Amino acid sequence: MNVKDQIIAFLVKYGIQAVGGLIIFVCGLFVAGAVGRVVKKSLTRFKLEPPLELLIVRGVKLIIIVFALILTVANFGVNIAPLVAGMGVVGVGIGLAMQGVLANFVAGLVIIFTKPFRVGEYIELVGESGVVNMIDLLSTRLSHFDKSIVVIPNRKIVGEILHNYGKIRQLDIAVSVAYDTELNQALKVIQEVLQANARVLHDIAPVIGVRLLADSSISIAVKPWVGVPDYGAAGAEINQSILEAFREHGIVIPYPQREVRLLQDAA
């Protein structure tokens, strides 16, 4: 039997099975896509975290595709029991080789379910800080005010001390006035400046009071609350507005002073 006859015999024997297997697999892909879209639409009413929603949709699609692949292989008359056992062995090997990735994945699930922070909140952890930009299954992204991005593996987050500021932050501004200043007037001027600033949150009372009695001035603490996106700009605006208001009301911000005495030698 020549090569041509062998090819024809092979196609006659396995052609129908190959076409049937291909049809099963293609149908499985279409079904997986359709079911994934239905599941995604159904999950929107539960208001889940985006990574968890993505995980569920991908998991459902993967299960359907694997099932279609098994049916495709079985259609060729292949005994799938050894195949499943082999896949288990390969899975163990891959798991050992990807311990770090799996640790990040599990930590990502812990973060998604426990929700120690959400997208848009300002956090500090493992020596880094920033606004949570994205929570993925493998990593968490923080954005800084200088537009840079910090990517932290999720396994570095779970079990660490976390400081979550939420979506608001408190400014810590220090203003100095001379000792002969009418203190109540200075405090009133600062209060008016804060009330006039659109970035300051007015539903939370700011902290305004004497911080320190320094050598040559009275230090006043000014601690208003602002939204995380306004943190940098609000501080600069408030400092400038306080300076202009003090000049307008004749309130003096003293220069640092030192008194030096020269003692002559009695001899």
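# Close-up views of a predicted model

Tyr 122, Phe 145, Tyr 165 and Tyr 231 form one aromatic cluster. This is a predicted model, in which local features need pLDDT of at least 70 and side-chain atom pairs count only at pLDDT 80 or more, while totals for chains, interfaces and linings use all residues. Residues are numbered from 1 along each chain as its sequence is written, and side-chain values use heavy atoms, with hydrogens and water left out.

**View 1. The whole protein chain.** The secondary structure comes to 6 helices and 10 strands. Both are DSSP runs numbered from the N terminus: helices are H or I with at least four residues, strands are E with at least two. Of the 267 residues in the chain, 27% are buried. Buried means under 20% relative accessible area, exposed means over 50%, and partly exposed lies in between (1.4 Å probe, protein chains only). The accessible surface comes to about 17700 Å². Carbon and sulfur atoms own 63% of that surface. The areas come from the Shrake-Rupley method with a 1.4 Å probe; for residues, only the protein chains shown count as cover. Among contacts in the chain with a separation of 6 or more, 64% join residues 24 or more positions apart. Contact means heavy atoms within 4.5 Å.

**View 2. A stacked pair of rings.** The structure holds 3 aromatic pairs. Tyr 122 and Phe 145 are one of them: their ring centres are 6.3 Å apart and their planes lie at 15°, so the pair is stacked. Rings of Phe, Tyr and Trp (its six-membered ring) pair if their centres lie within 6.5 Å; planes under 30 degrees apart count as stacked, over 60 as edge-to-face and the rest as tilted. This pair links distant parts of the chain, 23 residues apart. Tyr 122 is in strand β1 (residues 122-125), and Phe 145 is in the loop between β3 and β4 (149-153). Tyr 122 is buried, with a relative accessible area of 7%. Phe 145 is partly exposed, at 44%.

**View 3. An edge-to-face pair.** Tyr 122 also pairs with Tyr 165, edge-to-face. The centres are 5.3 Å apart, with 70° between the planes. Here, too, distant parts of the chain are linked: Tyr 122 is in strand β1 and Tyr 165 in strand β5 (residues 162-166), 43 residues apart. Tyr 165 is partly exposed, at 27% relative accessibility.

**View 4. Arg 169 over two rings.** The charged end of Arg 169 sits over the ring of Tyr 122, 4.0 Å from its centre. The charged end of Arg 169 also sits over the ring of Tyr 165, 4.9 Å from its centre. A charge sits over a ring if NZ of Lys or CZ of Arg is within 6 Å of the ring centre and within 35 degrees of the ring normal. The C-alpha atoms of Arg 169 and Asp 230 are separated by 9.1 Å, though the two residues are 61 apart along the chain. Asp 230 is in the loop between β10 (225-227) and α6 (231-248).

**View 5. Thr 140 in strand β3.** Thr 140 belongs to strand β3 (residues 139-143). Thr 140 is buried, with a relative accessible area of 1%. Leaving aside neighbours within four places in sequence, its contacts include Ile 111, Phe 117, Val 132 and Ile 157.
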